[in-house]
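Have the structure open while you read.

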Amino acid sequence: MLFDELAATAAAVGATRSRLAKVEVLAAFLRALEPDEIIPATGLMLGRPRQGKVGVGWRSLAATLEAAAPAPTLTIADVDAAFTRLVEASGSGSAARRSTILRELMDAATERERDALRGALLGEVRTGALEGVLTDAIARAAERPVADVRRAAMLSGDLASTARVALTGTPEDLANTGLVVGRAIQPMLASTAPSIAEAIGTVGEASVEYKLDGARIQVHRSGDDVRIFTRNLADITHRLPEIVDVVRRMPVHDVVLDGETLALDENDAPRAFQDTMARFGAETARKIALRPWFFDVLHLNGRDLIDEPLAARLDALATIAPDHRVPGEITADAETAERIGREALAAGHEGVMVKGIDSLYAAGRRGASWIKVKPVHTLDLVVLAVEPGSGRRSGMLSNIHLGALDSTGEFGPPGGFVMVGKTFKGMTDETLAWQTAHFPTIEVRRDPYVLWVEPVTVVEIAIDGVQRSSRYPGGIALRFARVKGYRSDKEPRDADTIQTLRGMLRG
């Protein structure tokens, strides 16, 4: 199949809000694929190539801006092979080889194909809850029950391979996809609520647990073989030997655990999230020790627990990891839950998780039975630049660069602005239309990917916190930033300062 058909499908999906229309477009695309195209095409559509991270950034893409091809010639197999060559290029001269591979690929692509390639290379596919929609489309194309496809994808941890089984195998092949110790499954996700009382009102009797500011881990053990996976199902066992040791000491033979890991300071208080992530992502650094906390067990000694209520899973967890359980209590009382929330915040954690005690483990889904409650901070920041949108936002200005006021001149002339992050989240259609009309009127300069503007537009941003970052000159970055609205009533001098944001760091 021509890659242009994938690009056209991605554009069509991004251009509509209708979930049903998205499913129909994707199902038609899937039906037309050859068996060997299903896995690479699914990964490319999701912005998660089967090769993993290809290691191409905006700067590399900016160097491939010759005229686009006039007509499509690339196939899905061509693109998949090019991505493989990019990943495999190593050693002396690899940078030049990668540059040549990337340039040849982009030169052979039409403008529409380039948009799809950028999304796949950068992992910035923004087509609206695409994984869930694609799951429904696989079921539609294969004429299989959605529940069967969803469960197989959750337990295999791989929607692309599930698509191939659904589209080319028998119903029994799909139904036989199960939990395998040693193979990561998609983690259960939580919805949000503005207050603990509202969360308790939604789920009733619940396990109210500390929401740790750590990194999600899924740990599998079979005998002495232990494997640790990230939230995104990457295997990082070799980076966390201290957690391997903890799990090997547990009185079990086979187990699958869900939890978090984070770094502690000398007073056993949580260190800054960025300290955890620095250690979490390090290949060899061992100066910062990580401790695991577990909040669920999905399999124990030959028995799958994902279809058993949380109460039973917590009882099982208590027998094997009493010293490594996330703190919490079971209650249906809002006042008790509020007390636990205060204790979690006082201990330096993010908030609480409120989990229905009868809830099953809905792997890969964000349901109403797990609810996170965290304080939300709001900031007034200044827009420094804006990037063109893609997918449904093509033709609009979308992702905004955010700056905090430097009131003391610590990072430049006093009264200047220091970049602290970007966001495209929380924007309504009206906001996007306003941005697209407004920012060109205060343009300073531009390149194909960024429009720099005068720092005069104040925007209110909600964040979950800040973290240390070497990416930005102020040494910090926003966490989970989203737009609440533009503040025409405020001047740039009213913006929050970089000094204020730095003061929000823990540790």
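1. The mean pLDDT of the chain is 88, with 93% of its residues at 70 or more. Among the elements, helix α15 (residues 310-320) has the highest mean pLDDT, 97, while helix α4 (residues 58-62) has the lowest, 64. Where pLDDT is low, the predicted coordinates should not be read in detail.

2. On the overall fold, there are 18 helices and 19 strands in the chain. Its radius of gyration is 24 Å, close to the 23 Å that the globule rule gives for 507 residues, so the chain is as compact as a globular protein of that length. Along the principal axes, the C-alpha atoms fill a box of roughly 65 × 65 × 50 Å.

3. Back to α8 and α10. How do the axes of α8 and helix α10 (residues 159-168) cross? They come within 9 Å of each other, at roughly 15°. Angles under 35 degrees count as roughly parallel, and α8 and α10 are therefore roughly parallel to each other. On the α8 side the contact uses Glu131, Leu134, Thr135, Ile138, Ala141 and Ala142, which meet Leu159, Ala163, Ala166 and Leu167 of α10. By type, the residues of this α8 and α10 contact are eight nonpolar, one polar and one charged.

4. Next, α8 (residues 130-142) against helix α9 (residues 146-156): their axes come within 9 Å and cross at roughly 125°. That angle makes α8 oblique to α9. The crossing of α8 past α9 is right-handed. Thr135, Asp136, Ile138 and Ala139 of α8 make the contact with Val146, Val149 and Arg150 of α9. Here the residues of the contact split into four nonpolar, one polar and two charged.

5. Then there is helix α2 (residues 19-31), whose axis comes within 8 Å of that of α8, with a crossing of roughly 55°. So α2 is oblique to α8, and α2 passes α8 in a right-handed crossing. The α2 residues in this contact include Leu20, Val23, Leu26, Ala27 and Leu30, and among their partners in α8 are Val133, Leu134, Ala137 and Ile138. Which kinds of residue make up the contact of α2 with α8? The count is 11 nonpolar, one polar and six charged. Among the charged ones are Arg19, Lys22, Glu24 and Arg31 in α2, with Asp136 and Arg140 in α8.

6. Last, a look at one residue elsewhere: Arg98, which sits in helix α6 (residues 94-107). Setting aside neighbours within four places in sequence, Arg98 is in contact with Val54, Gly55, Val56, Leu86, Val87 and Ala89. As for Ser469, it is 371 residues from Arg98 along the chain, and their C-alpha atoms are separated by 28 Å.

Conventions
Residues numbered from 1 in each chain as written. Predicted model: local features only at pLDDT ≥ 70, side-chain atom pairs only at ≥ 80, totals over all residues. Heavy atoms only, no water. pLDDT = per-residue confidence, 0-100. Helix = DSSP H or I, 4+ residues; strand = E, 2+ residues; numbered from the N terminus. Axes fitted to C-alpha atoms, helices over the stretch in contact; angles between N-to-C directions. Parallel < 35°, antiparallel > 145°, perpendicular 65-115°, else oblique. Left-handed = near helix turned anticlockwise from the far one by under 90°. Contact = heavy atoms within 4.5 Å. Rg over C-alpha atoms; globule rule 2.2 N^0.38 Å.
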